[in-house]
Amino acid sequence: MSTTAQHLQKHRQRIIETWMKNQLTDAALRDDLMSNDELRSQSDELLTALLRAFNSGNFDDVYSSDYDQVIEILNDISITRARQGFSPRETGQYVISLKKAVNEVLEEELKDDPGALYQETRKTDSVLDSLSMITFETFIKGREEVIFRQTDEINEISTPVIRVWDGILALPIIGTLDSARTQIVMENLLQEIVNTGSSIAILDISGVPAVDSLVAQHLIKTVSATRLMGAECIISGIRAEIAQTIVHLGIDLSNIKTKATLASALQLAFSMTNVEVRKINRNAGFKLMK
Amino acid sequence: MDRIPILKMGPFLLVTIQVDLYDRLALTLENDLISMVSQTGAKGVLIDISAVTIVDSFMGRILGNIASMSRIMDAETVVVGMQPAVAITLVELGLTLQGVYTALDVEKGMDLLYNKIGIIDVLEEDDQEEEPDDCND
């Protein structure tokens, strides 16, 4: 058993008390997100694993198997914290406050031997620094997972297919079109065409901030797929800037029906399905009734 | 060997593909269909692929071939009932089947064919009517 581990094992209780005190006095403590008991048992578990790892005498490589358990516990903690909405500072503080507690105990224990104190502190410091790095890494990974999940959700929500008329579907696209999103848009649209037996689909791109050659290619793909299904596709909502970009980039949309507004696209769709919309003169009706 | 039946319906030929096409079957279909077009003098070919769930570039090419060959022999081709997944696959493969008419289901496909043939017939009649007028002038 290494001497460091012995010192720390002896004062295990004090470390945990100091650590808890550090955490509880910290202004950033989020007792709304986690109860003190929960925090205590979590801290206790981590410290036990850490002392066991210190016991092995390995202070150089935290990625070795000695630290497997510590890292596992830390990963769990930081991922849960990321999901619960802790800030990075709060999560980082968790490990850093342990360092403080460990250093305090070592200082007390080795106050007569500054050389040994320096050695011991350096060893534990390097380990705890690496551990806080790992905590951060996992925390960010956890946050990224949350972001990915939200992106998925946005993709799901943001592609509604609307049935505007019997046999006419409209699909307003809002936000940038990337290949993953095009895939979802295409699948939803084609499925809806099958479900409703619609013969015309209007793709409205007024909500697409910019059209580059890639986005245009995606649009062309969607139009081609719709055509293969046996339905016509009209692209509407082309703003002046977008028209400029398309021409400047030399994108050929000549064999796709395009309209400036959804209204004119709908009008085109009506004439294609032989539907007429006209105004009724109500006044004429009144006169007749009198 | 398996064959896909080709039905004659008035001026049209109707093919419903109920199995997944493998290469040999597709080639046989191409041959059979073209010889049927020439035998019957059909004006239109309607291919129902609503039961086809798997498609590859070869199959896409065969469909394109059938359409081009039929057009040379004065028959229009309509492909009906393509599944969304199949459409996406074909687009991803870069096969947009230019020159092939498409429709959602057999009914709409038949309407489309009647329209195409109808328009051509009307045009031919117009031409014939105009000729006597010219003579009178």
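This is a predicted model: local features need pLDDT of at least 70, side-chain atom pairs count only at pLDDT 80 or more; totals for chains, interfaces and linings use all residues.
Which residue forms a salt bridge with E92(B)? The partner is K221(A), and the closest N and O atoms of the pair are 3.2 Å apart.

**The interface between chain B and chain A**

Between chain B and chain A the count is one salt bridge. Polar contacts have also been listed, and seven residue pairs across the interface qualify, both residues being at pLDDT 80 or more. On the side of chain B that touches chain A, α3 (84-92) and β5 (101-103) each supply at least two residues. The greatest contribution to that side comes from α3(B), with six residues.

The extent of the interface can be described by residues and by area. Contact involves 17 residues of chain B and 17 residues of chain A. The two chains bury about 1,400 Å² between them, and 64% of this lies on carbon and sulfur atoms. Within chain B, the residues that lose the most area to chain A are I88(B), V91(B) and L104(B), which together account for 38% of what that side buries.

**The domains of chain A**

| Domain of chain A | Residues |
|---|---|
| domain 1 | 3-152 |
| domain 2 | 162-272 |

The C-alpha centres of domain 1 of chain A and domain 2 of chain A are 54 Å apart. K221(A), the salt-bridge partner of E92(B), has a number that falls within the bounds 162-272 given for domain 2 of chain A.

How values were computed: Residues are numbered from 1 along each chain as its sequence is written. Chains are lettered from A and ligands numbered from 1 in the order in which they are written. Side-chain values use heavy atoms; hydrogens and water are left out. Contact means heavy atoms within 4.5 Å. Buried area is the accessible area (1.4 Å probe) that two parts lose on being put together, summed over both. A salt bridge is a side-chain nitrogen of Lys or Arg within 4 Å of a carboxyl oxygen of Asp or Glu. A polar contact is a pair of N or O atoms within 3.5 Å; within protein, one must be able to donate a hydrogen and the other to accept it, and residues adjacent in sequence count only if both atoms are side-chain atoms. Helices (H or I, at least four residues) and strands (E, at least two) are DSSP runs, numbered from the N terminus. Domain bounds come from an automatic or database domain assignment.
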